[in-house]
Amino acid sequence: MTKKKYIFIYDFDGVMTNNNFLLDEKGKEYVTLNRSDGLAINYLKKIIFKQIILTTEKKPFAKLRSNKLDIECFDNINDKAKFFINYQKEFTNYRFLFIGNDLNDFELLNLVDISICPKDAHDAIKKICKYTLPVRGGDGVIMSLYNLLN
């Protein structure tokens, strides 16, 4: 029997960011990211098959970050559960881990093998997740996951 490999899926806002944004007088938005998450993603590349970002966000932030980290990003996804059901068909011998934080992640968190959230996730999300990490969104969530695995 073949050992299953993992695909890690990350929400963007509220996981890789603190779910806040800055807005200047010209309407330009800014988000903050945690460099330790990028380092953790690079470490994780050595021990798992694949990592992706899955977000409903339409702004380019997630795509820009995924390009820098050299992982795939699927943005502007309104129904994450529906996307996942189709996506997983290509990877039948894989297990899936998803880190989400808000109500639009609820259905997908119920579909994956391992569900994880940051400590400031919505209460309904914390109730269904297998693990709640000891950090808030944007404060090194993926590094916290990496530390949990080691």
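Predicted model: local features only at pLDDT ≥ 70, side-chain atom pairs only at ≥ 80, totals over all residues.
Contact here means heavy atoms within 4.5 Å.

**Helix α3 and its surroundings**

Helix α3 spans residues 80-87. Its buried residues are K80, A81, F83, F84 and Y87. Seen down the axis of α3, these buried residues fall within an arc of 160 degrees, so they line one face of the helix. An α-helix has 3.6 residues a turn, so residues three or four places apart point the same way. The elements that cover the buried residues of α3 include the strands β1, β4 (50-54), β5 (72-74) and β6, together with the helix α4.

The N-terminal end of α3 is capped by D79. A side-chain oxygen of D79 lies 3.3 Å from the backbone nitrogen of A81.

**Salt bridges**

The count of salt bridges in the model comes to seven.

| Salt bridge | Closest N and O atoms |
|---|---|
| K80 and D11 | 2.9 Å |
| D105 and K80 | 2.5 Å |
| D120 and R136 | 3.8 Å |

K80 forms a salt bridge with D11. This pair links distant parts of the chain, with K80 in helix α3 and D11 in the loop between β1 (5-10) and β2 (22-23), 69 residues apart. Both K80 and D11 are buried.

D105 also forms a salt bridge with K80. D105 has a relative accessible area of 0% and is buried. For K80 the relative accessible area is 1%, and K80 is likewise buried.

D120 forms a salt bridge with R136. The pair again links distant parts of the chain: D120 is in the loop between β7 (114-117) and α5 (123-128), and R136 is in the loop between β8 (131-132) and α6 (141-149), 16 residues apart. D120 is partly exposed, with a relative accessible area of 30%. R136 is partly exposed as well, at 45%.

**A buried aspartate with no salt bridge**

D37 lies in helix α1, which covers residues 35-44. D37 is buried yet has no salt bridge. The nearest side chain of opposite charge belongs to R65 and is 6.6 Å away, whereas a salt bridge needs a side-chain nitrogen within 4 Å of a carboxyl oxygen. The side chain of D37 does reach the backbone nitrogen of M143, at 3.2 Å. Leaving aside residues up to four places away in sequence, D37 touches V15, M16, G140, V141, I142 and M143.

**Cysteines**

The structure holds zero disulfides. A disulfide would need the two sulfur atoms within 2.5 Å. Seen from C129, the closest cysteine sulfur is that of C117, at 3.9 Å. C117 counts as buried because its relative accessibility is 0%. C129 is buried too, with a relative accessible area of 11%.

Notes:
Residues numbered from 1 in each chain as written. Heavy atoms only, no water. Buried < 20%, exposed > 50% of the residue type's maximum accessible area, 1.4 Å probe, protein only. Helix = DSSP H or I, 4+ residues; strand = E, 2+ residues; numbered from the N terminus. Lys, Arg positive; Asp, Glu negative; His and termini not counted. Polar contact = N/O pair within 3.5 Å; in protein donor to acceptor, adjacent residues only side chain to side chain. Arc of directions from axis to C-beta.
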